[in-house]
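Subject: Structure handover

Hello,

Here is the structure I said I would pass on. My notes follow below it.

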Amino acid sequence: MSALCVPLVFKPVYKDYIWGGERLAAVYGRTDTPEVCAESWEIAARPDGESIVATGPFAGRGLTELSAEYGAALVGTRAPDPHRFPLLFKVIDARDRLSVQVHPNTENAERTGGEPKTEMWVVLDRSPGASLYAGLAEDVTPESLRRSLADGTTATQLVEHPIEPGQALFIPGGLVHAIGAGCLIYEVQQNSNTTYRLFDWNRVGADGRPRTLHIEEGFKTLDWSLPAPQMIDPAGGDQAGAGWSEVVACDYFNVRRLNLAEPLDVTMDSLSFHVLFVTAGAVAVSVGGERVLLRVGQSALVPAAADVYHLEPDAAACLLVTTL
């Protein structure tokens, strides 16, 4: 067994974008957030957001370094590059609306020199009346979308989705989207930070100037063949035992929900790491002689080389479990 076979808990990387709020501190009791906290990068391996192990035998080491050193023992044999961590995990607090934006996909990323970014969202909480935007209305054309970007009426071109906690939405690269005001979101995405901002609701940044738009890059990236997605409602799982249910499965990640009332051993297959995020309750994770307690709103990474890990819930708990 690899020496890396222990649960890895990381220090969050916080982003103070102008649309952020205070819910990460209020909901999850975090005391280290900035005054305005838009995103917590829970697990990331990027120059602009590097996860550092917080506790245990690998404390102080970065995820990029560990991926380069341990390769498939960390990320799994299914990873496209065994020495690069392939995904990025965030918690997003949108006090205000995010910009209307689009990310490249594998087919069109080379047009702009960007990185492909397919993602999915799970609604953790929301203010009354909050919504998400994903996809273009049926009668939208390139010409009508450009006109709306110029005259500030872009919302009329988008499909708006009312939301409830627990619902999910799949956002493939090339799909126009925006997170609405009042949403607390868990996001799983490819390891990319390429975003083309089409419209920013006519607001200004911290410097008093409108934020930069990327309309031409966005139009080169937008996939007009993609229909508006449907909201994914939470499934129940197997009530006789561990309640596993699929949330989103795609070429880049598989996100499942686990409702847990009793201790459970989860077997690994060396194909992929497991990333755990607790949405309710608390769970102790044990593997390789190390044990960590994850409370609601906390994350951990179980390396692919682990044979099995043990979960012990504090009463009833719910986790999101992501694999490749």
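A charge counts as sitting over a ring when NZ of Lys or CZ of Arg is within 6 Å of the ring centre and within 35 degrees of the ring normal. Arginine 256 meets this with tryptophan 244: its charged end lies over the ring, 4.1 Å from the centre. Arginine 146 is placed over phenylalanine 219, with its charged end 4.1 Å from the ring centre. Please keep in mind that this is a predicted model, and that the values here are computed from it.

Aromatic rings

There are 7 aromatic pairs in the structure. One of them is tyrosine 133 with tryptophan 201, a tilted pair with 5.7 Å from centre to centre and 45° between the planes. This pair joins distant parts of the chain: tyrosine 133 belongs to strand β10 (residues 131–136), while tryptophan 201 is in the loop between β15 (196–199) and α5 (215–221), 68 residues apart. Together with Phe199, Tyr133 and Trp201 make up one aromatic cluster.

Buried or exposed? Tyrosine 133 is buried because its relative accessibility is 9%. Tryptophan 201 has a relative accessible area of 11%, so tryptophan 201 is buried as well.

Helix α4

Which residues of helix α4 (residues 142–151) are buried? They are Ser144, Leu145, Ser148 and Leu149. These residues lie on the same side of α4 because they cover an arc of only 140° around the axis. What do the buried residues of α4 pack against? Their partners are β10, β15 and α5. After α4 comes glycine 152, with a positive phi near 80°.

Cysteines

How many disulfides does a search of the whole structure find? The count is 0. Cysteine 250 is in no disulfide, and the nearest cysteine sulfur, which belongs to cysteine 318, is 20 Å away. For a disulfide, the two sulfur atoms would have to be within 2.5 Å. Cysteine 250 has a relative accessibility of 23% and therefore counts as partly exposed. Cysteine 5, at 2% relative accessibility, counts as buried.

Regards

Technical notes. Residues are numbered from 1 along each chain as its sequence is written. This is a predicted model: local features need pLDDT of at least 70, side-chain atom pairs count only at pLDDT 80 or more; totals for chains, interfaces and linings use all residues. Side-chain values use heavy atoms; hydrogens and water are left out. Rings of Phe, Tyr and Trp (its six-membered ring) pair if their centres lie within 6.5 Å; planes under 30 degrees apart count as stacked, over 60 as edge-to-face and the rest as tilted. Helices (H or I, at least four residues) and strands (E, at least two) are DSSP runs, numbered from the N terminus. Buried means under 20% relative accessible area, exposed over 50%, partly exposed in between (1.4 Å probe, protein chains only). The arc is that of the directions from the helix axis to the C-beta atoms. Contact means heavy atoms within 4.5 Å.
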